[in-house]
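Welcome! Here are some exercises with worked solutions. Take a look at the sequence and the structure, then work through them one step at a time.

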Amino acid sequence: MKGMRLHHIGIVMTQPERVRRFMEKFDLEEDYTEYVEAYQADCIFMKHREDDSAIELVVPKEGILTEYNNGKGGIHHIAFEVEDVAG
């Protein structure tokens with residue numbers, strides 16, 4: 001069995017201005033954005049090299065994620081790439 005590999009880290013950003021500042025501070029460039037209805041949020045994936053793990057910024061429009069960490073946002077999830085999820 002192949003080992004697990006970090007796929008991406010999801011960070012909730014409750015204010016669009018924070019997204020811009022975060023991207024500037026860490027010299028990040030958007031790869032693509034997708035609206036995820038289940039989260040009621042825009043999910044913005046950053047460009048990354050093949051040997052790096054991606055960063056996903058989750059920007060809730062409404063719903064429970066607007067209250068994540070008392071409305072401050074923060075690290076929401078760490079996703080691993082695995083060979084099989086059955087078990």
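A residue counts as buried under 20% relative accessible area, exposed over 50%, and partly exposed in between, using a 1.4 Å probe and protein chains only. This is a predicted model: local features need pLDDT of at least 70, side-chain atom pairs count only at pLDDT 80 or more, and totals for chains, interfaces and linings use all residues. Residues are numbered from 1 along each chain as its sequence is written, and side-chain values use heavy atoms, with hydrogens and water left out.

**Exercise 1. Aromatic pairs**

Solution: 

Step 1. Start with the rule: rings of Phe, Tyr and Trp (its six-membered ring) pair if their centres lie within 6.5 Å; planes under 30 degrees apart count as stacked, over 60 as edge-to-face and the rest as tilted.

Step 2. Phe22 and Phe26 make a tilted pair, with 4.9 Å from centre to centre and 50 degrees between the planes. Phe22 is buried at 18% relative accessible area, whereas Phe26 is partly exposed at 49%.

Step 3. Tyr32 and Phe45 make a stacked pair, 5.1 Å centre to centre with 15 degrees between the planes. Tyr32 sits in strand β2 (residues 30-36) and Phe45 in strand β3 (residues 41-46), 13 residues apart. Strands (E, at least two residues) and helices (H or I, at least four) are DSSP runs, numbered from the N terminus. Phe45 is buried, at 13% relative accessible area, while Tyr32 is partly exposed at 38%.

**Exercise 2. The largest nonpolar core**

Task: Work out which residues make up the largest nonpolar core, and which element gives the most to it.

Solution: 

Step 1. A nonpolar core is a set of buried Ala, Val, Leu, Ile, Met, Phe, Trp, Tyr and Cys residues joined through side-chain atoms within 4.5 Å.

Step 2. The largest core has 9 residues: Ile11, Met13, Val19, Phe22, Met23, Ile44, Met46, Leu57 and Val59. The element that gives the most is α1, with 3 residues.

Step 3. A second, separate core has 5 residues, among them Val12, Cys43, Val58 and Leu65.

**Exercise 3. Salt bridges**

Task: Find how many salt bridges there are, and follow some of them.

Solution: 

Step 1. A salt bridge is a side-chain nitrogen of Lys or Arg within 4 Å of a carboxyl oxygen of Asp or Glu. By this rule there are 5 salt bridges.

Step 2. One of them joins the side chains of Glu81 and Arg5, at 3.5 Å from N to O. Because Glu81 lies in strand β5 (residues 74-81) and Arg5 in strand β1, this pair ties together parts that are 76 residues apart in sequence. Glu81 is partly exposed at 33%, and Arg5 is partly exposed at 32%.

Step 3. Glu17 and Arg20 meet in another salt bridge, at 2.2 Å from N to O. Glu17 and Arg20 are 3 residues apart in helix α1, so about one helical turn separates them.

Step 4. Asp42 forms a salt bridge with Lys61, whose closest N and O atoms are 2.9 Å apart. Asp42 is in strand β3 and Lys61 in the loop between β4 and β5, so parts 19 residues apart in sequence are tied together. Asp42 is buried at 19%, whereas Lys61 is exposed at 52%.

Step 5. Salt bridges with shared partners join Glu17, Arg20 and Glu24 into one network.
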